[in-house]
Amino acid sequence: MATIDNSRGFTSNVGAILAAAGGAVGLGNIWRFPYMLGQNGGGAFLLVYVFFVLTIGVPLMMTEFIIGRRSQKNVVGAYKSLSPNHKGWIVLGVFGIVCAFLIYAFYSVVAGWTLNYIVLSCSSQLAGKEPEAITLLFQSFTESSFWPLFYQLLFLTLTGVVITMGVQKGIEKVSKILMPVLFFLLILMCVRSLTLGEGTKEGLNFLFKPDFSKLDGSSILAALGQSFFSLSIGMGAMVTYGSYIRKEDKLFNTSLWIAGCDSLVAILAGIVIFPAVFAFGMDPASGPELVYIVLPNVFNSMPAGGLFAVVFFVLLGIAALTSTISLLEILVAFAVEELHWKRSTASILCTAIVFLIGALCTLSFGPLKDATLFGKTIFDLFDLITASYLMPIGALFMTIFLGWCYPKVEVRDELSNGGVIKARAFELYYFVLRYLAPIALLFIIVSGIIN
Ligand code: TRP
């Protein structure tokens, strides 16, 4: 398919950063990160997490951007065009597509929940409820069939509409509007949480004061898995977005900005959640329901809580939307470029397939609760398999591809924009790409399997 370079992708560097940061910032930051931190010992987890983001996350994101921008293709087309003599690498692209389906399937469940909670908070149905009633509300909602499926489909449809509008008029434009709104709402929530008085000190201590005795092998692994999931690396999301980044933009700086935004949002989400949790005597280690059960209680106990509940769930919905956009784009870019489908057809068909798989994830909280494997429900399996296994495995092969099977001069050429800019950190990056990242990834995968 003929693609004209400058009409293909993002129109500016800011647009690229906001779109990719939108893909990175999501439920992973505001829903998953706080409960992971809560369960894995607080401040020490944060430090390890930031360490992984900087040492492995940023280089891997650069790697995906290089593959995408070099090839100007979707995740399958990228490997096809960068290794014309070794067709086997296409498998890695197909692997990315499969991953995207799986992640999108379970992610859209929780994304749908945000819509339900926006409705509940707007109509004051959470206000004034006893803690037991709030727990019951969450359970009876997630265990039912119709409404969770309805909201999941609504969220998928919303995402499909944006994707149908295209890269510039859909993804970039929506990200440019929603990301600043997201930051604004998040800062508003921080101010509220920090002015509650009592829990502030305790909450901030929990978040920022590392107690390394609380750290063990599994929490270090959890921090690494979280950094992959949060940065959306390891399965080609950033290959697709990389193909839309202008040739004159600096990939290193762009990656740093995105990783910076992503970590900042995670930390701000922690500042919103933990002081409030401590102020009202809740348990920071309560798990996935932290946001949906613990926070509504917190909102009920704070002045103007009803309003802040609305703000919070809208914020969560926005974060989820810019991420589902990035997930669907992986699939649609593939279908448009490789299968030559029309963009609108691709959006509709991919959404339909995801809904079919995703419905199983939704129903695994209710009617399919007992359909388990190794004691895990379908939803948990999808989450575990992708974040802990498939993404690290995908990342490992990606580093092998770019570090060992693709010419070094070409990598340098892409990173230095054809020699126009000095890629000062190139040798360091290349070292991480060839040695540090693969070894670290191998270690994670093996210890994950042993666990
Ligand atoms: N990073 C997103 C989050 O933190 C989730 C996400 C979006 C994702 N696209 C992805 C994860 C691609 C893995 C791969 O919520």
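A: Let us begin with a salt bridge, defined as a side-chain nitrogen of Lys or Arg within 4 Å of a carboxyl oxygen of Asp or Glu. Here Glu-338 and Lys-80 form such a bridge, with their closest N and O atoms 2.8 Å apart. Glu-338 belongs to helix H15 (residues 305-338) and Lys-80 to helix H5 (residues 75-82), so the pair ties together parts that are 258 residues apart in sequence. Helices (H or I, at least four residues) and strands (E, at least two) are DSSP runs, numbered from the N terminus. The model is a predicted one, in which local features need pLDDT of at least 70 and side-chain atom pairs count only at pLDDT 80 or more, while totals for chains, interfaces and linings use all residues. Residues are numbered from 1 along each chain as its sequence is written, and side-chain values use heavy atoms, with hydrogens and water left out.

Q: Is Glu-338 buried or exposed, and what is the relative accessible area of Lys-80?

A: Buried means under 20% relative accessible area, exposed means over 50%, and partly exposed lies in between (1.4 Å probe, protein chains only). Glu-338 has 19% relative accessibility and therefore counts as buried. Lys-80, with a relative accessible area of 39%, is partly exposed.

Q: Which residue forms a salt bridge with Lys-408, and which residues are joined into one network?

A: The side chain of Lys-408 meets that of Glu-427 in a salt bridge of 3.4 Å, N to O. Lys-408 is in helix H18 and Glu-427 in helix H19, 19 residues apart. Lys-408 is partly exposed at 33% relative accessibility, and Glu-427 is partly exposed at 43%. Salt bridges that share partners join Arg-69, Arg-70, Lys-247, Glu-410, Asp-413 and Glu-414 into one network.

Q: Why is the pair of Phe-106 and Phe-379 edge-to-face?

A: The ring centres of Phe-106 and Phe-379 are 5.6 Å apart and the planes stand at 85 degrees, so the pair is edge-to-face. Phe-379 lies in helix H17 (residues 378-404) and Phe-106 in helix H6, so the pair ties together parts that are 273 residues apart in sequence. Both Phe-106 and Phe-379 are buried. Ring pairs link these residues into a cluster whose members include Tyr-107, Trp-113, Phe-138 and Phe-365.

Q: Which charged residues lie over the rings of Phe-229 and Trp-404?

A: A charge sits over a ring if NZ of Lys or CZ of Arg is within 6 Å of the ring centre and within 35 degrees of the ring normal. Arg-32 lies over the face of Phe-229, 4.9 Å from the ring centre. Arg-434 has its charged end over the ring of Trp-404, 3.7 Å from the centre.

Q: How many disulfides are found?

A: A disulfide is a pair of cysteine sulfur atoms within 2.5 Å. A search of the whole structure finds zero. The sulfur of Cys-190 is too far for a bond, because the closest cysteine sulfur, in Cys-261, is 15 Å away. Cys-361 is likewise in no disulfide, the nearest cysteine sulfur being that of Cys-99 at 14 Å. Cys-190 is buried, with a relative accessible area of 7%, and Cys-361 is buried at 0%.

Methods
Rings of Phe, Tyr and Trp (its six-membered ring) pair if their centres lie within 6.5 Å; planes under 30 degrees apart count as stacked, over 60 as edge-to-face and the rest as tilted.
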